[in-house]
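Here is a short report for a first look at this structure.

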Amino acid sequence: MPVDSPVVPVALTVNGKPERLEVDPRTTLLDALRDRLHLSGTKKGCGLGQCGACTVLVDGRRVVSCLTLAVMNDGASVTTIEGLGTPDALHPMQAAFVACDAFQCGYCTPGQILSAVALIDEGHAGSDEEIREHMSGNLCRCGAYANIVEAIRTVAGQEG
Amino acid sequence: MSALESDPDGLRDDSQEGVFSVVRQPVRHDSAVKHVTGQAIYIDDMREPEGTLHVAPGFCRQIARGRFTAVDLDPVRAFPGVVTVLTAADVPGVNDCSPSIGGDPIFSEGVVEFWGQVVFAVVATTRDAARRAATLARFEVVTETPAITVADARAADIHVLPEYRFGRGDVEAVLADSPKRLDGRMVIGGQEHFYLEGQIAFALPGEDGDMHVHSSTQHPTEVQHLVAKALAVPDAAVTAEVRRMGGGFGGKESQASQWAVIAALAAAKTRRPCKLRLDRDDDMVMTGKRHDDVAEFAVGYDADGRVTATRMDFYARCGYSADLSLGVNDRTMFHADNAYFYPAVRILSQRLKTNTVSNTAFRGFGGPQGVLAAERMMDAIAVETGLDPLEVRKRNIYGPDRDVTPYGMKVEDNVLPEIIAELERTSDYAARRAEVKAFNSRNRILKKGLAFTPLKFGISFTLVHLNQAGALVHVYTDGSVHLNHGGTEMGQGLNTKVAQVVAEEFGLTLDRVKITATTTGKVPNTAPTAASSGTDINGMAAQIACRQIKARLVAFVANEFGTPEDQIAFRDGQVIIGNGSVPFTEVVKKAFIARIQLSSAGYYKTPKITWNRDRAEGRPFLYFAYGAACSEVTIDTMTGEMKVDRVDILHDVGKSLNPAIDIGQIEGGFVQGMGWVTTEELWWDDKGRLRTHAPSTYKIPCASDVPDAFNVALYDSPGNREITIFRSKAVGEPPLMLAASVFSAVFDAVASLKPGVIPPLDAPATPEAIMRAVTAMRRAEV
Ligand code: FES
Ligand code: FES
């Protein structure tokens with residue numbers, strides 16, 4: 001970025017913690033999370049809004065964070081994979097992904113999990129077909145889809 | 001026949017029988033919890049040291065072929081944040097980053113051979129500045145007409161490598177004498193890797209010109225060598241390291257190197273840490289893909305549909321340089337038989353030079369193209385004879401006295417008859433064949449297709465010297481184990497499997513074995529993690545290292561306790577000594593006090609392989625992996641839309657080291673193969689610009705493309721006939737080719753439109769390709 005470009009303040013609540021940042025207005029939410037807050041669990045697969053690797057929850061809704069600017073989310077509450085659960089206290093969806101081997105290289109996994117959490121909230125986990133349809137924005141090049149769907153089905157079944 | 005009878009080398013092999021507590025268990029991936037919590041660190045996630053610079057490559061956007069006579073980089077240098085710009089003049093050593101044959105300049109010195117060829121690299125304080133500046137160079141160019149397609153290159157007769165052929169018998173004479181004969185041609189598309197983690201490297205300069213490069217590569221040793229060559233320093237001054245990749249699939253075998261080399265050049269010049277992460281568009285434009293081919297064949301057969309002779313010609317688009325095209329296209333030839341016996345055969349491969357990015361390794365390494373052509377031949381014979389396509393396949397598969405491949409290797413471990421019989425039953429093939437027929441006679445627009453394809457895939461590098469591996473195992477005095485080996489983790493579960501081997505050997509639980517990043521500083525002179533061989537060779541090397549340490553411990557314990565060596569074993573965290581036992585940790589502590597070495601480097605080389613390429617004879621593979629798939633699809637003959645309804649797979653992994661990981665590899669490989677044969681289409685315009693350079697225009701499978709019914713099972717194997725690690729078989733690549741069944745099922749659906757006519761279906765079977773075939777069928781005379 002040009003060194004003299006103006007910076008603007010942005011206030012976010014990230015994983016329950018208030019954060020104040022000064023950012024270049026062109027900074028995406030993804031870059032703010034990764035480069036400024038060092039929350040590297042959110043991945044960049046394409047930077048074009050087309051792979052889902054950067055999915056986070058903004059005020060509970062799933063959003064591809066590479067397509068939204070940090071400043072557009074001023075005042076919002078953001079949940080990343082780091083805020084969902086910890087190794088000692090996994091979120092049920094995280095636990096289900098482990099139990100179902102729902103990944104291989106793991107690069108799409110944080111995005112898949114956040115998308116899956118939102119999908120259940122949206123009420124779109126009624127059938128495998130519905131799950132597959134509503135998870136189609138989250139690409140997995142390793143092709144772990146069968147296990148991803150199984151993990152989501154398991155959690156949806158428990159909750160629903 | 002017992003699967004255990006083969007131990008010709010007299011190697012000690014106790015891995016077949018016995019009770020195992022860690023291997024052959026579906027233990028979870030070592031990074032599982034890290035992956036689901038976002039704690040797994042990929043290169044872009046490493047905390048950047050202060051002063052880190054970012055690098056972006058730049059290219060000449062005007063031409064795919066020609067020369068630039070002048071470059072103006074002043075606007076690039078003037079961009080705020082730019083620290084320096086690198087060109088060929090900044091390479092102190094050799095300006096080449098090719099895997100072996102040469103012809104891949106790091107930076108072009110004036111000649112442009114494809115659209116996207118790197119000319120310079122910008123080093124800036126932010127990635128954004130580097131990327132923006134990279135678009136500002138101005139070129140004066142002389143344009144030449146590019147050769148883009150296979151047809152262009154054939155017309156111009158330009159090649160990256162000489163033609164190669166092998167076979168046996170008087171093919172033309174047998175063809176002429178055959179009761180029946182048919183000729184065929186098909187286009188087989190390429191494939192973009194689309195590893196979700198793009199190419200990335202992070203170079204950290206050290207003292208004395210040392211360079212430490214973190215590279216998302218399947219081949220750290222090659223990165224090390226190429227960085228050293230470019231910097232003009234000894235190999236020993238360079239360390240290449242990779243903990244994990246976010247997918248590789250062959251795309252990071254040779255083509256991760258250029259980015260590592262450029263990052264290292266930038267780091268050497270600026271004396272600061274330098275990171276190069278390719279943008280997705282640049283990644284798709286600048287890195288090679290699966291080779292696309294035109295396959296032409298003539299096949300003679302008898303009234304029963306049995307092949308008498310075949311001539312198969314493959315014309316591959318290699319791109320502008322040789323890269324790995326020699327091995328890739330050889331493997332197309334090695335798999336042009338797939339699972340079928342050709343009595344007289346001649347297979348030829350031309351490696352055509354085009355002004356497109358240099359095509360490279362991709363899961364299957366050329367094999368899938370051969371397999372697809374073989375399956376087309378079977379399907380065409382079925383159409384001509386009116387026989388069921390599965391029946392034609394069964395009549396042609398390898399069997400007694402029909403067991404020598406076109407390259408002269410005898411097929412000794414064929415389990416296809418069992419696999420086919422079982423899958424035919426579990427997939428309910430016969431009943432579904434009848435249902436598909438009934439459906440097709442009821443429906444005018446929608447047509448169903450069903451196909452059943454077998455697979456045989458050769459395991460070993462066909463370049464013999466690559467079949468070697470090393471591992472380093474340390475046992476510490478608290479009884480914990482440090483494991484390092486030459487293989488790289490890209491999601492395939494290699495590290496987990498090798499750790500299972502080590503835990504099993506020492507009788508420990510997996511949590512006692514620490515997996516560490518692959519680095520040229522610990523295990524040198526390694527082969528790439530490729531050819532599905534990662535576990536086979538690194539698992540063996542690790543086992544050998546463990547056994548060297550165990551042998552020392554056993555001798556020590558035997559002496560200490562007066563117990564015969566054959567009554568000492570390692571189990572449940574204990575060293576079993578006769579009728580008693582002592583905790584492993586205690587034994588290790590005592591051994592240390594007694595000055596016993598608790599560290600070992602294991603080394604393994606694959607036995608039996610003897611391939612001599614010049615003479616086209618010998619044995620290229622240690623063994624074959626087998627499998628079969630049955631796929632059902634529905635196509636819409638008005639729109640070309642296609643849906644995969646059901647897939648059944650039975651696959652042979654020998655005695656699985658880890659059934660959970662193996663099933664995942666089979667499902668994932670199949671899905672990737674399905675993408676290759678159905679939706680993934682690469683398209684260059686006539687100026688040589690790749691137009692499908694983002695996920696918006698290049699469609700890989702998503703969750704909703706996976707069939708509703710997807711039944712995957714492991715063949716109940718008695719174990720690999722050859723001595724492999726716990727008698728398992730390699731699994732990385734073979735399942736991709738099971739997706740040939742999807743392509744054949746589409747063919748079958750189109751063929752139903754006019755019995756007796758061979759659909760001219762090309763791969764990938766996109767809606768457009770299906771419509772072209774449907775239209776041709778409607779016009780065809782029977
Ligand atoms: S990185 Fe945001 S959708 Fe791909
Ligand atoms: S696990 Fe590799 S991309 Fe999904």
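## Strand E2 of chain B

E2(B) and strand E6 (residues 138-143) of chain B run antiparallel, joined by 6 bridges. Strands (E, at least two residues) and helices (H or I, at least four) are DSSP runs, numbered from the N terminus. Two strands pair if DSSP finds at least two bridges between them. B:Val71 sits opposite B:Phe139 in E6(B).

E2 (residues 66-72) of chain B also runs antiparallel to strand E4 (residues 111-112) of chain B, through 2 bridges. Here B:Arg67 faces B:Val111 in E4(B).

## Basis of the model

This is a predicted model: local features need pLDDT of at least 70, side-chain atom pairs count only at pLDDT 80 or more, and totals for chains, interfaces and linings use all residues. Residues are numbered from 1 along each chain as its sequence is written, while chains are lettered from A and ligands numbered from 1 in the order in which they are written.

## An open sheet in chain B

In chain B, 5 strands make an open sheet with mixed pairing, in the order E7-E15-E14-E13-E8. Strand E7 (159-168) and strand E8 (180-188) of chain B are at the edges with a single partner strand each, so one side of each has no neighbour in the sheet.

E14 (residues 307-317) and E15 (residues 344-352) of chain B pair in the parallel sense over 9 bridges. B:Arg311 has B:Arg346 in E15(B) as its bridge partner.

## Where the chains meet

48 residues of chain A are in contact with 48 residues of chain B. Contact means C-beta atoms, placed from the backbone, within 7 Å. H6(A) gives the most to chain A's side, with 5 residues.

Note on methods: Two residues are in contact if their C-beta atoms, placed from the backbone, lie within 7 Å.
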